[in-house]
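Biologist: Before I rely on any of the labels attached to this model, I would like each one set against its criterion. Shall we go through them in turn?

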Amino acid sequence: MPLAATSPELLTSAQQELYDWLADYIGSHHHSPSIRQMMQAMGLRSPAPVQSRLRHLQQKGWITWQEGQARTLQLLGGLVSGIPVLGAVAAGGLVETFDDVQERLDLAPVLETRGLFALTVNGDSMVDAYIADGDVVLMEPVPEPSRLRDGTVVSALVPGSGTTLKHFHRNGASVRLEAANTAYEPIELPADQVQVQGKLVAVWRQV
């Protein structure tokens with residue numbers, strides 16, 4: 001997930017109107033709205049103008065957004081400093097994550113060049129890997145999951161279920177997501193149903 005390194009470009013009045021509404025909505029609800037909600041707020045009858053504005057907001061460095069997935073929208077809106085805490089990751093069951101950037105870890109700018117992101121751990125399934133409930137894990141994006149080393153700790157998205165933090169193992173056409181706690185059974189799925197979002201770089205424990 002790229003981080004903006006420079007000030008975003010100026011917006012048109014229509015783009016600014018949508019951005020201001022998004023900022024108010026996310027500030028109040030703590031998650032991004034649907035395309036339909038944006039259409040209603042902007043007084044539009046078609047999703048096309050909203051999607052066009054969102055593309056321009058992203059191109060100009062004001063938001064991040066995966067087209068077709070409104071709930072992935074995150075505000076940048078200015079100079080981005082530090083590493084974004086994108087949500088919580090389950091170390092137990094599966095939870096939804098990446099609703100919005102809630103806070104930032106103020107670490108050295110050199111880390112930003114790697115595209116690192118941070119997740120707060122929920123649960124105790126990784127305690128034997130010295131990752132406890134409430135810890136913050138720093139993750140590096142994985143452009144080529146096929147090159148991951150067996151046993152790497154990853155944050156992995158299971159479509160329709162959520163994101164979990166586990167040891168990654170590949171067995172041919174299947175993937176095993178294994179906890180570091182004997183109380184939890186491994187999660188085994190076809191490889192094409194698992195999206196590896198990042199691999200563990202460091203663990204930060206707030207005391």
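**Labels and their criteria**

Modeller: Let me begin with helix H1, where Ser13, Asp24, Gly27 and Ser28 are exposed on the other side from Gln15, Leu18, Tyr19, Leu22, Tyr25 and Ile26, which are buried. Here buried stands for a relative accessible area under 20%, exposed for over 50% and partly exposed for what lies in between, with a 1.4 Å probe and protein chains only. The model is a predicted one, in which local features need pLDDT of at least 70 and side-chain atom pairs count only at pLDDT 80 or more, while totals for chains, interfaces and linings use all residues. Residues are numbered from 1 along each chain as its sequence is written, and side-chain values use heavy atoms, with hydrogens and water left out.

Biologist: How do you know on which side of H1 the buried residues lie?

Modeller: Gln15, Leu18, Tyr19, Leu22, Tyr25 and Ile26 are the buried residues of H1. They cover an arc of only 130° around the axis (taken from the directions from the helix axis to the C-beta atoms), and therefore they lie on the same side of H1.

Biologist: What makes the span of H1 close to the expected one?

Modeller: H1 runs over residues 13-29, which is 17 residues, and reaches 24 Å from its first C-alpha to its last, close to the 24 Å expected at 1.5 Å a residue; the expected span is 1.5 Å times one less than the number of residues. Helices (H or I, at least four residues) and strands (E, at least two) are DSSP runs, numbered from the N terminus. Just after H1, His30 takes a positive phi of about 65°.

Biologist: Why is Ala14 called partly exposed?

Modeller: Ala14, which has its place in helix H1, has a relative accessibility of 26%, and therefore counts as partly exposed. Its C-alpha atom is separated by 9.7 Å from that of Pro49, 35 residues apart along the chain.

Biologist: Why is the pair of Tyr19 and Trp62 called edge-to-face?

Modeller: Tyr19 and Trp62 lie 4.9 Å apart centre to centre with 70° between the planes, an edge-to-face pair. The rule takes rings of Phe, Tyr and Trp (its six-membered ring) as paired if their centres lie within 6.5 Å, with planes under 30 degrees apart counted as stacked, over 60 as edge-to-face and the rest as tilted. This pair links distant parts of the chain, since Tyr19 is in helix H1 and Trp62 is in the loop between helix H3 (47-59) and strand S1 (63-66), 43 residues apart. Both Tyr19 and Trp62 are buried.

Biologist: And why is the pair of Trp21 and Tyr25 called tilted?

Modeller: Its rings are 5.3 Å apart centre to centre, with 35° between the planes, so the pair is tilted. Because Trp21 and Tyr25 are four residues apart in helix H1, about one helical turn separates them. Trp21 is partly exposed at a relative accessible area of 23%, whereas Tyr25 is buried at 11%.

Biologist: What makes the contact of Arg53 and Glu17 a salt bridge?

Modeller: The side chains of Arg53 and Glu17 meet at 3.8 Å, N to O, and a salt bridge requires a side-chain nitrogen of Lys or Arg within 4 Å of a carboxyl oxygen of Asp or Glu. Arg53 is buried at a relative accessible area of 15%, while Glu17 is partly exposed at 42%.

Biologist: How many salt bridges does the structure hold?

Modeller: There are three salt bridges in the structure. Arg147 forms one with Glu144, the closest N and O atoms being 3.6 Å apart, and Arg176 forms one with Glu178, where the closest N and O atoms are 2.9 Å apart. Arg147 is exposed at 66%, but Arg176 counts as buried at 17% relative accessibility.

Biologist: How do you know in which sense strand S8 and strand S9 pair?

Modeller: S8 (residues 162-171) and S9 (residues 174-178) pair in the antiparallel sense over five bridges, and strands pair if DSSP finds at least two bridges between them. They form a hairpin with two residues between them, and Gly172 in the turn has a positive phi of about 65°. S9 also pairs in the antiparallel sense with strand S10 (residues 187-190), over four bridges, and Val175 stands opposite Leu189 in S10.
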